[in-house]
Amino acid sequence: MLSQVVELIENKQAFGITTHIKPDGDGVGSSLGLCWLLKSLGKNAEVIVHGDIPFAYRGLPGADDIRQVDEIDADYDAVFVIECSDLQRPGIRGLDQEFTVNIDHHATGEHFGSINWIDATASAVGEMVYNLCKAIGGRVTKEIAECVYMALVTDTGSFHFPNTTDRTLKVASELVKAGVKPAYISEIVYNSYPWARIDLMRQVMGTVHRDPSGRIAMLRQTRAMRQESGAEDGDNNGFVNIPLAAREIRAVIYMREVGDNKYRVSLRSKGDINVSKVAEKFGGGGHKNASGLAIEGDWDEAEAILLSAVREAVDRSDPDWISETPDSE
Ligand code: 5GP
């Protein structure tokens, strides 16, 4: 919990910080924000990751100093593990020998850390890093603010996903006061992709189809599409949300081929449809309206299995949710 994290930071000196492979804006932003906070408190800290940082996050302060490692190769008093469901998610060997601090806003993860600070009410781990900064009496510097804002803006879909709360907006407001230029962060996240993204989007959107009820949309991305477009990890960010723009669509299944008969899958939903429960059935996890998993089989077979599980969740949900929305605003 938070008080244990504060005590640890106050009593120790050398910290590593890591996040999951193929990190998103919350993974990178929260890790860097925490790193700046620790440094501002006079501690030694560095961010270590396995693999590349997606282009969109390379402009963040401190991103150039992120070290890519395959295994722990330095002496740390503790390693912070950001936004990971288990100790394998960072893809770094030797973490199991470290004193680890698990910081996450997903309720579905394992409590693998020596300390576990989980806050499923936080919109992003970035919001938790901000709370930590306040709890430890740190100053929200411009660097911390930019990194944490990146975490918030990406994990809330620019403040329009259901995880956006009054607290999220209050924190965002404080970050802007600390020097963040929202338009600059939005520009580097949303308008700085390579053309390969557009090419891949054209191909993936070309596969869009719906189940017979018209409420569930499905997307497919083959390895060939990715190769032809030249897209990198992260260039497909947000594709899964595109079909949600149609009012009839209640859930989306986005399958990406990653090997022979092997797929990574993203699930999205609206309202009270809980796709994290669906993902958990397949060994995945995430949030009520955004989750992910891995599955094997041929395309049609795997899609049919997923569709049946998602349809059950949609059938259990409130069919009048859309018409009720205006009243609840
Ligand atoms: P995405 O679809 O954007 O990859 O992931 C949506 C959400 O589900 C994120 O919060 C992500 O951390 C979580 N998620 C995605 N894949 C997995 C998985 O295999 N296991 C778990 N536990 N969470 C996942």
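Two strands count as paired if DSSP finds at least two bridges between them. Helices (H or I, at least four residues) and strands (E, at least two) are DSSP runs, numbered from the N terminus. With that in hand, select Y263: this residue stands opposite I295 in β12.

**Before going on**

This is a predicted model, in which local features need pLDDT of at least 70 and side-chain atom pairs count only at pLDDT 80 or more, while totals for chains, interfaces and linings use all residues. Residues are numbered from 1 along each chain as its sequence is written, and side-chain values use heavy atoms, with hydrogens and water left out.

Color by pLDDT, the predictor's confidence in each residue, from 0 to 100. The protein chain averages 94, and 97% of the residues score at least 70. Now select residues 323–329, where the pLDDT is below 50. Beyond near neighbours in sequence, this stretch has 1 contact in the model (contact means heavy atoms within 4.5 Å).

**Stop 1: the parallel sheet**

Select the open sheet of 6 strands, ordered β3-β2-β1-β4-β5-β6 with parallel pairing.

Next, show helix α3, residues 125–135. It packs on the sheet and touches β4, β5 and β6. Its direction makes about 120° with that of β5. Axes here are lines fitted to C-alpha atoms, for helices over the stretch in contact, and angles run from 0 to 180 degrees between N-to-C directions.

**Stop 2: inside α3**

Is α3 mostly covered or mostly open? It is mostly covered, with 8 of its 11 residues buried. Buried means under 20% relative accessible area, exposed over 50%, and partly exposed in between (1.4 Å probe, protein chains only). Among the buried residues are E127, Y130 and C133. Step past the helix to G137, whose phi is positive, near 80°.

**Stop 3: the cores**

A nonpolar core is a set of buried Ala, Val, Leu, Ile, Met, Phe, Trp, Tyr and Cys residues joined through side-chain atoms within 4.5 Å. Select L34, F80 and L175: of the 53 residues in the largest core, they touch the most other members. Helix α4 (residues 142–155) supplies the largest share, 8 residues. Zoom in on L34, which touches I17, F80, I82, V129 and L132, not counting residues up to four places away in sequence. A second, separate core has 22 residues, including M255, L267, L306 and L307.

**Stop 4**

Select β9 (residues 251–259). It runs antiparallel to β10, joined by 8 bridges. I253 stands opposite L267 in β10. The hairpin has 2 residues between the strands, and N261 takes a positive phi near 60°. On to β10 and β12 (residues 290–296), an antiparallel pair with 7 bridges. In β10 (residues 262–269), 6 of the 8 residues are buried, so the strand is largely enclosed by the rest of the structure.

**Last stop: the cysteines**

A disulfide is a pair of cysteine sulfur atoms within 2.5 Å. The count comes to 0. Select C84: the nearest cysteine sulfur, that of C35, is 16 Å away. C84 is buried, at 1% relative accessibility. For C133, the closest cysteine sulfur is in C147, 12 Å away and too far for a bond. C133 is buried too, at 0% relative accessibility.
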